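Here are my notes for a first reading. Please keep the structure open beside them and follow the points in order.

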Amino acid sequence: MEILGYSERGLINSLFCELRYSRDNLQLLNKFLSLVSFPYQTVKFQISKVKILVEQSFSDFGDADLVLFVNNIKSKQVIFIEVKVKTFQKDYWNVFEEFEGFKKGIEKDKINSSNLFTQLYHKVRLVKALQTGGLKQLQTGVQFPRCSSKSHRKIGNNKVVLNAINQLKDYYKESLFIALLPENDSNLRNFYKNTLKNYCPQGFQEWDIRDWGYISWTQVEEFCKRNNLKETLKNFKWNEGQIYEKR
């Protein structure tokens, strides 16, 4: 049997299913996460236990491409991973252009809900609301900037969403927010070091990038090659031109 998945969802499903059924799955997961760059702090991974949610909805706070609930060293952490791809119709995807789109959305009082920085900010606010007001705060609602497509966001009553929130309540005290991007490493390093570091959008309560990190699709594919993850490499081949620009 051969299974091939389309675009980012296909690759994410393939990668984490292959990790799950690998003999040294936790060791491989630690290796994978150790590739992530965290420009504003030092993060180490020695994960002993993990539960992974794929495409989990958090109602008004958006969907998360990946959520990892991990026992890391002596603490519990939640890791959100937001994923972007180049798509076949585009010649490239650029983190600076994505950021400019976010800033222009603020200026025009209408930020794009699918923009990377909007998605990351939504997850930060989700965690912050849990930390300060618990589930009640999420049910009452959280105020967002006026440029947001919805200025008052709630968690709702969907039982699957609430299951995820109840799981999150055990892990939210330490949180990480990772962007998996179709961008070259030098551009990402330059952006996080020189552009994002001192940026704070006006009116964005609890904007906090200290726990943000990044990894490129190039690194992911190289990781799969080094660790002989054949099924995921087949999916990279199937999606060639749809994930990132190979140079």
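1. Start with strands β6 and β7. They pair in the parallel sense, over five bridges. Within this pairing, phenylalanine 177 stands opposite tryptophan 212 in β7. Bear in mind throughout that the model is predicted.

2. Look next at β7 itself. Five of its five residues are buried, so β7 is largely enclosed by the rest of the structure. Its side chains go two ways. Trp212, Tyr214 and Ser216 point one way from the strand. Gly213 and Ile215 point the other way. All of these residues are buried.

3. Now the helix of the unit, α6. It covers residues 185-196, which is 12 residues. At 1.5 Å a residue, α6 should span 16 Å. Its end C-alpha atoms lie 15 Å apart, which agrees.

4. Which residues of α6 are buried? They are Leu188, Phe191, Tyr192 and Leu196. These four cover an arc of only 90° around the axis, which puts them on the same side of α6. As background, an α-helix has 3.6 residues a turn, so residues three or four places apart point the same way. The cover over the buried residues of α6 includes α3 (95-107), α4 (116-140), β6 and β7.

5. Go back to β6, residues 175-181, and turn to its pairing with β3. This pairing is also in the parallel sense, over six bridges. Serine 175 in β6 is the bridge partner of valine 78.

6. Strand β3 runs over residues 75-83. Is it mostly covered or mostly open? It is mostly covered, with seven of its nine residues buried.

7. β3 also pairs with β2, residues 63-72. Here the strands run antiparallel, joined by seven bridges. Asparagine 72 stands opposite serine 75 in β3. The two strands form a hairpin, with two residues between them. Check the turn: isoleucine 73 there has a positive phi of about 60°.

8. How many strands form it, and in what order? Five strands form an open sheet, in the order β1-β2-β3-β6-β7, and the pairing is mixed. The edge strands are β1 (47-57) and β7 (212-216), each pairing on one side only. From one strand to the next, the twist averages 25°.

9. Which helices pack on this sheet? One of them is α2, residues 25-33, which touches β1, β2, β3, β6 and β7. The direction of α2 makes about 70° with that of β1. Another is α7, residues 217-226, which touches β3, β6 and β7. The direction of α7 makes about 60° with that of β7.

10. Is it buried or exposed? Its relative accessible area is 15%, so glutamine 119 is buried, the cut-off being under 20%. Leave aside its neighbours within four places in sequence. Glutamine 119 is then in contact with Glu82, Lys84, Ser113 and Ser114.

Definitions and conventions. Residues are numbered from 1 along each chain as its sequence is written. This is a predicted model: local features need pLDDT of at least 70, side-chain atom pairs count only at pLDDT 80 or more; totals for chains, interfaces and linings use all residues. Side-chain values use heavy atoms; hydrogens and water are left out. Buried means under 20% relative accessible area, exposed over 50%, partly exposed in between (1.4 Å probe, protein chains only). Two strands pair if DSSP finds at least two bridges between them. Axes are lines fitted to C-alpha atoms, for helices over the stretch in contact, and angles run from 0 to 180 degrees between N-to-C directions. Contact means heavy atoms within 4.5 Å. The expected span of a helix is 1.5 Å times one less than its number of residues. The arc is that of the directions from the helix axis to the C-beta atoms.
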